[in-house]
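This report describes one protein chain, beginning with a single contact and then turning to the fold as a whole. The sequence and the structure are shown first.

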Amino acid sequence: MATHSANIDWCEANYAVTPFVAEWMNTCSMIPGIACTGAECLRCITTLRRHGGSSAKQSFVYAAIAYGLSLWLSVGSFMFHATLQRAWQVHDELPMLYLGVWTAICVYRRVHGTPVTPADVRDDVTTLGCT
């Protein structure tokens with residue numbers, strides 16, 4: 001049983017099931033998220049590689065980034081609830097912020113019907129501060 005450094009401790013009893021995982025149910029609930037978002041991220045990347053960078057396939061870039069952020073969130077949440085370490089807490093919370101901003105960008109582009117070019121993708125990724 002390890003000490004935890006996170007400033008949040010959820011209502012689940014710590015190390016109740018195993019001495020290796022702090023919050024068993026919260027940790028296990030992230031496994032489907034890791035599997036599904038990882039598979040979808042790989043599918044988008046595979047589609048992009050197969051079809052090249054055509055403007056019609058640029059939506060797969062947006063989807064791949066969204067799934068990548070969701071994967072980061074799922075892994076970060078898994079590790080945070082398993083360890084209750086402050087460093088993993090950041091990897092649990094930061095992707096939530098980035099995913100929210102990215103979703104807003106995608107919705108804005110969809111609602112306003114703006115054409116998506118590779119330059120737009122670069123600019124939108126820059127908006128996230130990922131350059």
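In this predicted model, the side chains of Ser 77 and Asp 92 are joined by a polar contact of 3.3 Å. Ser 77 belongs to helix H3. With a relative accessible area of 6%, Ser 77 falls under the 20% cut-off and is therefore buried. Leaving aside residues up to four places away in sequence, Ser 77 touches Met 30, His 91 and Asp 92.

The chain contains five helices and zero strands, and its elements follow the order α-α-α-α-α from the N terminus. Of the 131 residues in the chain, 30% are buried. Among contacts between residues at least 6 apart in sequence, 59% join residues at least 24 apart. The chain exposes about 7800 Å², and carbon and sulfur atoms supply 67% of that area.

Which residues make up the largest nonpolar core? This core has 11 residues, namely Cys 44, Leu 48, Phe 60, Val 61, Tyr 62, Ala 64, Leu 69, Leu 99, Trp 102, Ile 105 and Val 121. At least two residues of the core come from each of helix H2 (31–51), helix H3 (58–83) and helix H4 (86–112). H3 supplies the largest share, five residues. There is also a second, separate core of five residues, including Ala 6, Tyr 15, Ala 22 and Leu 84.

The structure holds two aromatic pairs, which are set out below.

| Pair | Distance between ring centres | Angle between planes | Arrangement |
|---|---|---|---|
| Tyr 62 and Trp 102 | 5.2 Å | 25° | stacked |
| Trp 72 and Tyr 98 | 5.9 Å | 40° | tilted |

The pair of Tyr 62 and Trp 102 counts as stacked because its planes stand at 25°, and planes under 30 degrees apart meet that criterion. Tyr 62 lies in helix H3 and Trp 102 in helix H4, so this pair ties together parts that are 40 residues apart in sequence.

Trp 72 lies in helix H3 and Tyr 98 in helix H4, so the pair ties together parts that are 26 residues apart in sequence. Trp 72 has a relative accessible area of 29% and is partly exposed.

How many salt bridges does a search of the whole structure find? The search finds one. In that salt bridge, Arg 43 is the partner of Glu 40, and the closest N and O atoms are 2.8 Å apart. Both residues lie in helix H2, where Arg 43 and Glu 40 are three residues apart, about one turn of the helix. Arg 43 is partly exposed, with a relative accessible area of 41%. Glu 40, at 25% relative accessibility, also counts as partly exposed.

Key:
Residues numbered from 1 in each chain as written. Predicted model: local features only at pLDDT ≥ 70, side-chain atom pairs only at ≥ 80, totals over all residues. Heavy atoms only, no water. Core = buried A, V, L, I, M, F, W, Y, C linked by side-chain atoms within 4.5 Å. Buried < 20%, exposed > 50% of the residue type's maximum accessible area, 1.4 Å probe, protein only. Helix = DSSP H or I, 4+ residues; strand = E, 2+ residues; numbered from the N terminus. Polar contact = N/O pair within 3.5 Å; in protein donor to acceptor, adjacent residues only side chain to side chain. Contact = heavy atoms within 4.5 Å. Phe/Tyr/Trp six-rings, centres within 6.5 Å; stacked < 30°, edge-to-face > 60°. Areas by Shrake-Rupley, 256 points an atom, 1.4 Å probe, with all protein chains shown as cover. Salt bridge = Lys/Arg side-chain N within 4 Å of Asp/Glu carboxyl O.
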